Amino acid sequence: MPNSASHYFDNAATSFPKPPEVAEAIKKYLDESGGTYGRSAYPRAFAASQTIERLRDRMGAVLGTKLVDNIVFTSCATMALNTVIQGFNWTKKAVLHSPIEHNAVMRPLFEMQKRAGLRLECIPADKDGIIDLDRLANMNLSAFDLLVINHQSNVNGAIQPLEKLRSVTDNLPILVDASQSLGTTPLKADEWKLDFVAFTGHKSLLGPAGTGGLFLRHPELVAPLIYGGTGSLSDKYDMPEAMPDRFEAGTPNLVGLFGLLAALENRPTCRYQQKDVERLLAGLREIPDITVFAATDSSRQGPVISIYCKNLEPGAFGDKLFKDYSIETRVGLHCAPLAHRHLGTFPAGTVRFAFSPYHNAQDLEYLLEAVRKVIR
């Protein structure tokens, strides 16, 4: 791993470094493999299609579903989320969402509010943004079409109790934004009876940008976002009903998907332990004038935390960390103003640290000491 990567703490935006096999797979596709997906009948095209189907199988294991044909690949999680939100069969025109949603959810929801009169209601939650299951169970859920929930916050790393969600929601369809969690936090779509799961390849899965996807347990509830050629039923003007073709119009990002498969097949062992994160959090909380934003329950903590300094705005704080200690962070609102309003950090935002499996205990200690020195 390059030395500079140990100071890169912006993995919630995009992961770095990637496993070296990712670049090797991309280069091999460009230089040797080639071929298109599902469009031709010569050996090179068959091989490319087989690779994408191998990736689909791998993603099924990561998502915790046996319905691998119901996994479709998109350019990113944002496209996957828009596919469900814009294409959903809204009959009651009402949606529930958590208070820590990213703009990849909130902007399409607000657009549907303007376009179709969709009613938005926030699920009751604690101060960390973790939803209150008891209060949710007492709501009239029959008044809603869909529940949308961010599995892990990209601001404070709080992980939602998805494993218990179905027990209090009856048959209300659930859309999960797993952009931040998939790859580091277990997800069991079948066991937890999740209906839709959107994911991205370039964050915790350690793949290239421009990759992502969507799992649809009930594709019949959603109209495609994109229409076009699929390589199947080419004599028809209607989109095929069969999965995954129905939601995979156009030639996919084969270069990126080859790289994503390599990332899944060559995932590194994480070099830090949860106790190292807890030691970092304890140290940060001891620093005067610093407020730490993380899950109160450490078992609900993902590899993302934020801080706010009352005497130095986030942009200036992040600038000092970079200029003085070469530490790369994300500052501001992290495309999640709803979450910052709930956490009380709007409009300034926070300084965010997001860890990589390539980080070790010494890297986290270096980060802690750098924050101490900035404060001093």
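How much space lies in the largest cavity? The answer is about 50 Å³, in a predicted model where local features need pLDDT of at least 70, side-chain atom pairs count only at pLDDT 80 or more, and totals for chains, interfaces and linings use all residues. Residues are numbered from 1 along each chain as its sequence is written, and side-chain values use heavy atoms, with hydrogens and water left out.

The structure holds 1 cavity of 30 Å³ or more. A cavity is a set of points on a 1 Å grid over the protein atoms alone where a 1.4 Å probe fits but cannot get out, and lining residues have an atom within 4 Å of a point; a volume is the space filled by probe spheres set on the points. Among the residues lining the largest cavity are His-102, Asp-177 and Lys-203.

Turning to the aromatic rings, the structure holds 6 aromatic pairs, that is, rings of Phe, Tyr and Trp (its six-membered ring) with centres within 6.5 Å, where planes under 30 degrees apart count as stacked, over 60 as edge-to-face and the rest as tilted. Phe-9 and Phe-355 form an edge-to-face pair, because their ring centres are 6.1 Å apart and their planes stand at 90°. This pair links distant parts of the chain, 346 residues apart. Phe-9 is buried, at 0% relative accessibility, and Phe-355 is buried too, at 5%; buried means under 20% relative accessible area, exposed over 50%, and partly exposed in between (1.4 Å probe, protein chains only). Together with Tyr-272, Phe-9 and Phe-355 form one aromatic cluster.

Technical notes:
On a 1 Å grid over the protein atoms alone, a cavity is a set of points where a 1.4 Å probe fits but cannot get out, and a pocket is an open set with protein on both sides within 12 Å along at least five of seven lines; lining residues have an atom within 4 Å of a point. Helices (H or I, at least four residues) and strands (E, at least two) are DSSP runs, numbered from the N terminus.
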